[in-house]
Amino acid sequence: MLAVQEDILAVVTSNALTCQQKTAQLANIAERLFDPRQLLGYTDEEWHYIENQMICDLNEGYAIYRPRYILPDYQVYLEKGCEFLELPVPKTLDDVLDGLLIIYAHVPSITTFPVYIGRLDLLLDPFLTDDATDYPKIKRFLNHIDKTIPDAFCHANIGPTDTHAGRLILQAVIELENPTPNMTIRYDKAQTSKDFAELATKACLLVSKPSFANDPYYKSELGQYGIASCYNALPEAGGAYTLTRLRLGTIARACQSVDEMVEQLLPKVTKLALSTMDKRHRFLVEKSNFFATDFLVKEGFISADNFTSMLAIVGLADAVNHFLAHENLNETFGQSERGEIIATAIMDKLQAITDAHAGIYVERTNGRYLLHAQVGASLHDEDRANNPAHRIRVGQEPTLLKHLKQSAPYHKYFPSGTGDLFAFDQTAVDHPDAVLDIIDGAFALNYRYITTYLKNTDLIRVKGYLVKKSEVEKFRQGQAVLQDTTWFGSGTDDCAQVFDRQLRDENDRTA
């Protein structure tokens, strides 16, 4: 939404923000001082559906000067060094760790911090020589990232192969218990050793990372890709220009029937959202000069040819629940056959409209934007009425097996990312093989992404990112906190009660 002078003063005088956080927020406000109808060519109708909250642009800003998500190919540094930063080709582990930290400081994104720091195990493994000296360096490197990139949307990848570096990284993340970096193991049962997968499973239970991505599934659709930010699957050496989301629950409440939403209002709002994305792309590529000037482009870390954009959803459950109530059915999304019919009709229509739209500057994804299951936010009161993605509302979940079967069919709609989360009790730590069986079963159902965690730990996965509950409590008491994602975790919990997800146990798992 448009910013005003009062927004600036509110940030400047806040006692709950660090200086770094104030700088980032002031920069975002500056981008939103421009009216997109004048700067980007939005129509009054497009702006109307942003103002009525059916379309949400996540406060990205309108004077756009860099893509939202950038996924550099860091292998370029290992092979060529970096001329702009005067970094020679690394020869030792010290070289590569130091060089990566320097490069990270110069990778922009919507958060001002890098949202993708590469396939760390493959980057570090060639430089390992001795565990006694290498492990402390890797641990310090990861801790340095947490303290200097205080944003849990910063994301590292490991796997699918079993590497020594990958094992050292997992050992370090368990010991550190830090929110950043977020982490995913690109898992392929045919390539990933069971021992390595179980180690990753144990880490995921203990410290809520790494999550598991269905590597063959993503590669079949995206080719060379990375998992960035929350769980966003995007082309490596590229990324995403923008992310615009549709609040499906808000759209549904303006309709009297499923047919009215699916055949009339949803197509209209979706086309308007896609049109605003076209206009954002055109300004970024043609006016901002990012791709003409940035060293990441000039030295081959990224290419404009590898970028796409994401049209996201929230509130599928709320749209369905609205229509179930309107049809006088005492049922909820996740435990209703009629609900699945409604949800499928909504998603089929949304996919058809998105696939039919010829996007601007997205050749990497065949001229089409990618659907994304967005994790949620707390930008407006409407976010309380729109549960994240296609997830079932907390408190309305079925048993685990039924939940997996219910959720799996929706993963096919979201090539740029979706995921589901399941909380276990402490006993699961002693049975990582059993939890890995659940993950294998989910991927056999064509899940794209899944994560687990222990409900009683301080470090918890909110949606696609991690926060410490103790830090959220400090923030709620008005104290400044290091991680800016702590604010989002607090807001999302207020909206969707994510700290109270159903606990999964042995009886539930085998139901």
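The model is predicted: local features need pLDDT of at least 70, side-chain atom pairs count only at pLDDT 80 or more, and totals for chains, interfaces and linings use all residues. Residues are numbered from 1 along each chain as its sequence is written, and side-chain values use heavy atoms, with hydrogens and water left out.

Helices are DSSP runs of H or I with at least four residues, strands are runs of E with at least two, and both are numbered from the N terminus.

**Cis peptide bonds**

The bond from Gly159 to Pro160 is cis. Its omega is near 5°. Pro160 sits in the loop that links β3 (155-158) and α9 (164-176). The bond from Thr180 to Pro181 is also cis, with omega near 0°. Here the loop runs between α9 and β4 (182-187), and Pro181 is part of that loop.

**Positive phi**

Which residues other than glycine have a positive phi? Gln53 is one, with phi near 75°. Ala389 is another, with phi near 50°. Gln53 belongs to the loop between α4 (44-51) and β1 (55-56). Ala389 is found in the loop between β10 (370-373) and α18 (400-407).

Are these residues buried or exposed? Buried means under 20% relative accessible area, exposed over 50%, and partly exposed in between (1.4 Å probe, protein chains only). Gln53 counts as buried because its relative accessibility is 8%. Ala389 has a relative accessible area of 1%, so Ala389 is buried.

| Residue | Phi | Relative accessible area |
|---|---|---|
| Gln53 | near 75° | 8% |
| Ala389 | near 50° | 1% |
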